[in-house]
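Subject: Structure handover

Hi there,

Here is the structure I promised to pass on to you.

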Amino acid sequence: MIRIILIGYMGAGKTTVGKALAADLGVTFYDLDWYITMRYRRSVSEIFAERGEEGFRDLEQRMLHEVAEFENVVVSCGGGTPCFFDNMDYMNSLADTVYLKAEPEVLTKHLLMGKGRRPLIEGKTPEELEDYIKQTLVAREPFYTKAKYSIDVSLLDTAVKVQESVRLIRELLKV
Ligand code: S3P
């Protein structure tokens, strides 16, 4: 049975790598933010606006507990998911967890290019964004590094990044 959960900061490529990994393994892919959006019929930004971050984290934990029980899946969770409640220990108890690690400069570049709306970083200038990433990454790394496996995605050339990441993860997890 395959159950792999990808974690890491916003913009690390969890969704892109997760989709490709699931396709390569022939299992189903779930993106936790997408799952929350489907179940509550609200975007992540709307949930933040209506319930605040605390409300979002409650829903996120509840939905994680649904998705992480599925079998033969690759799940990508939100950048903050591992850092609240006992989520990281919970994920480790059920799945092979993989931290997609990237340098702040790489994350900043990806997030500036990305079109997706992310309430925590909306409206920030590129300089403010990089500072924010550096600060929050320091606070989040102790949670991220609890993952069973970790791969550095910032070292990979972008053209081959996704397939190379898939290959590396399969090699590491022996799946
Ligand atoms: C968040 C990351 C987002 C989303 C929400 C909060 C975070 O997911 O869950 O905006 O706290 O880092 P992505 O990492 O998929 O962007």
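Below are some notes on the core and the aromatic rings.

Please keep in mind that this is a predicted model.

Let's begin with the core. The largest nonpolar core has 55 residues, and the ones with the most contacts inside it are Ile4, Ile7, Tyr9, Val74, Leu100 and Ile169. Helix H3 (residues 44-67) supplies the largest share of this core, with eight residues. As background, nonpolar side chains in soluble globular proteins tend to be buried together.

Now to the rings. The count of aromatic pairs comes to five. In one of them, Phe48 and Phe56 have ring centres 4.8 Å apart and planes at 35 degrees, so this pair is tilted. Phe48 counts as buried at 15% relative accessibility, and Phe56 is buried too, at 3%.

The rings of Tyr99 and Tyr144 also make a tilted pair, because their planes are at 35 degrees; their centres are 5.1 Å apart. This pair links distant parts of the chain: Tyr99 belongs to strand E4 (residues 96-101) and Tyr144 to helix H6 (residues 126-144), 45 residues apart. Tyr99 is buried, with a relative accessible area of 2%, and Tyr144 is buried at 0%.

Note on methods:
Residues are numbered from 1 along each chain as its sequence is written. This is a predicted model: local features need pLDDT of at least 70, side-chain atom pairs count only at pLDDT 80 or more; totals for chains, interfaces and linings use all residues. Side-chain values use heavy atoms; hydrogens and water are left out. A nonpolar core is a set of buried Ala, Val, Leu, Ile, Met, Phe, Trp, Tyr and Cys residues joined through side-chain atoms within 4.5 Å. Buried means under 20% relative accessible area, exposed over 50%, partly exposed in between (1.4 Å probe, protein chains only). Helices (H or I, at least four residues) and strands (E, at least two) are DSSP runs, numbered from the N terminus. Rings of Phe, Tyr and Trp (its six-membered ring) pair if their centres lie within 6.5 Å; planes under 30 degrees apart count as stacked, over 60 as edge-to-face and the rest as tilted.
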